[in-house]
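Keep the 3D view open as you read.

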Amino acid sequence: MTVLERKPWSDEEDASAAPMTVASSIAPAPDELARGRRWRTHASSVRRFDWIYRPESILSMLAVAAILSAWVGIFDREVIPTRVWLFHWAILALAGGAGGVLWHGRQSRELGSQQLLDALEMGLTRATPVDTARLSDECLGVIQRVQHYVEDLRSSAQSAQSREQRLLLERTVCERERRAIEHILENVGEAILVTDDFDRVTVANRAARGALGLRDGQYLRKPLDTLVADEVFLRHVRQCREAGAATSRRNAEHTIGQRVFSLSLQCIDLQPGDADAAAGGHGVVTVMRDITREREVSRAKSDFVAKAAHELRTPLSSIKAYVEMLVDGEAADEKTRREYYEIIQAAGDRLGRLIDNMLNISRIESGTVRVNKEPINLAVVVKEALDVARPQAEAKSIRMVDELTPVYYQVMADRDMINQIFLNLLSNAIKYTPEGGAVTVRMLVDEERHTVTTAVSDTGVGIPEEDLPRVFEKFFRVKANSKMAIGTGLGLNLVKHLVETVHGGRITLTSKVGHGSTFSVVLPLIASGSALTTGATS
C-alpha cells in the first residue's frame, strides 16, 4: 500500500525529508532516476516562488497597473514629461510582469502535470522514492486522490477475486454433486427414463437402456419413437406429457418381451420457477419396475391354492361319502362297515400326508424350517431307508439291490431330512414298478469335486419326455401313470426343496418310457472315511 506523508517545507528539511515509497520487486531504471532528479530540481525552484503564481498575486499586479494608469490619466496635465514617461514604463512593466507570471504559471502547470504523471508512474509502479516535500499542493492532492482510488480498486479486485474463488468452489461442489447423482441414477435397480417436451430422451440409466434396448451413447436427444417400437409404451408417455404437470401420477402395467413392468409416469416442468414454464416445457419421468418375478410368484400362489383345494377336496369327499353311508345304515354287516372304516382311514392318512407336505414346503420356502445339520454317514442313512421300504417291495415281488460304497463318506446334513428324501424316492420307484421288477440304489464318489452321488433307479413304466420338465412342480402328476398309484403330487417337490434349498445339493432325473427312471441326488462331501466296512451290501 502506498503511504503519503506531508511534512512542513523548509530549506533545512530538504535533505532529510521522508520519501514516499511503494513496495515492489522492480528496480527503477537509470534514465528514470535522472528524469526524477530533473523534475524535482525544477519543482523546488517553482515551489520557492509559488506565491507569485497564485491568482490573488496576479490580480494584485493588474490592480496596481490599473490604478497607476488611472492616476496618469487624471494628472497628466500637471506632471512633467519625464514623470509621465516613467509612469508609462511602470504600467508596462506591471502588465508585462502579470503576463509573464501567467505564461510562466501555465508552463509550470504543464510541467507539474508531467511531473505528476512521472511521479505516479515511478512511485506507484516502479517503487521509485517520491519526495513529497518537493511536490506542489495540487500534485499532492491529486496523488492522494489517485492513491485512494487505487486502494479502492485494489479492494474491489480482492473482493472480486474472493467472489471468483467462491464461485469456483461452488462450481466444483455442484459438479461433484452432479456426478454423484448421475452415478446413483446409473446404478439404481429400477429403470428410469426422462423425456423432454418433444419426447426426446434426456436421461436413461443402465436398467432403462437394458429394458428398452437402447445403445450406450446413441440415445441422448433423440426422439423416443425412433428408439422404441412399442406403440403402447409410447402412448403412455405421450398421454402423460399431454395431460400436463397438474395431473397426478399415472400408473400402469406393461409387458416388454417376456418381462412385466410396473410403469409410474409423472409429468414435470423442465424449467421450475420460470414464469413461462406453465405455457410449455413439460417432460415426463418414467420409472419402470420389473415385477416379472412377483407376477410369477403370484401366479404360482394362485395355482398352488387351486391345486391344494382340489387335492384336499378329494380325500374329504371320500371321507364324507363313506361317513354318510355309515350314518344311513347302508353297511348292514360288520365286513362292509370294516371296509368303509379302512377307506375312511386311508383317506384321512392321505389328507394328513398332504397337509404335512404342504406345511413342510411352506416352511422351507419361507426359511422357517428347523434344520439340525451334523456330519452323518450317508451310506448308513440310505441303508436305513432301504430297510424301511423293503416290505413294500416284497409285497410286489420287487428286488431291492444296493450298491453302496464300502467306505463311509460323510456329509453335513439333517439326518431325518436325508432319510425322508430317500424314503420318498424309494416309495415312488416301488409304486411305479410292475411286479417282478427291480429297484437299485448306487452310490458314486467324485473325490476331485468332493461330491457323492446316490442314484435310485427302477425298471418301471418311465415318464414321457414332455412331462420331464414338470415332474418337480407342486401337485403335478403324470397323467399316463396316475392310475397306477394314488399320491398328492407334492412328494418330489418336497424332495427337490430338501436337496437343493436346505442342503445345497442337486437332484437330476433321467427316464425313458417302458424302461424306467433314475433319480440322482448329489451332495457335497465334508470328509471321506478311511475305515472299510464289511456289511454294507445285501
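The model is predicted. Start with the open sheet. It has 5 strands in the order β2-β1-β5-β4-β3, and the pairing is antiparallel. The edges belong to β2 (201-204) and β3 (250-256). Each has a single partner strand, so one side of each has no neighbour in the sheet. From one strand to the next, the twist averages 25°.

Two helices come next. Helix α6 (residues 231-243) lies across β1 (191-195), β3, β4 and β5 (282-290). Helix α6 runs at about 25° to β4. Helix α7 (residues 292-327) also packs on the sheet, where it touches β3, β4 and β5. The direction of α7 makes about 130° with that of β4.

E253 and R295 meet in a salt bridge, at 2.3 Å from N to O. E253 sits in β3 and R295 in α7, so the bridge ties together parts that are 42 residues apart in sequence. R295 is partly exposed, at 31% relative accessibility.

Move on to strand β7 (residues 399-403). In a regular strand, side chains alternate between the two faces of the sheet. Here, M400 and D402 form the covered face of β7. R399, V401 and E403 form the uncovered face. β7 pairs with β9 (residues 438-446) in the parallel sense, over 5 bridges. M400, from the covered face, stands opposite V439 in β9.

Salt bridges close the tour. The structure holds 21 of them. One joins R415 and E384, with the closest N and O atoms 2.8 Å apart. R415 lies in helix α10 (residues 415-431) and E384 in helix α9 (residues 378-395), so this pair ties together parts 31 residues apart in sequence. Both residues are partly exposed: R415 at 29% relative accessibility, E384 at 31%.

R178 and E175 both lie in helix α4 (residues 137-187), 3 residues apart, or about one turn of the helix. Their closest N and O atoms are 2.3 Å apart. R178 is partly exposed at 38%, and E175 is partly exposed at 32%. Salt bridges with shared partners join E175, R178, R179 and E182 into one network.

Note on methods: Residues numbered from 1 in each chain as written. Predicted model: local features only at pLDDT ≥ 70, side-chain atom pairs only at ≥ 80, totals over all residues. Heavy atoms only, no water. Pairing = 2+ DSSP bridges. Helix = DSSP H or I, 4+ residues; strand = E, 2+ residues; numbered from the N terminus. Axes fitted to C-alpha atoms, helices over the stretch in contact; angles between N-to-C directions. Contact = heavy atoms within 4.5 Å. Buried < 20%, exposed > 50% of the residue type's maximum accessible area, 1.4 Å probe, protein only. Salt bridge = Lys/Arg side-chain N within 4 Å of Asp/Glu carboxyl O.
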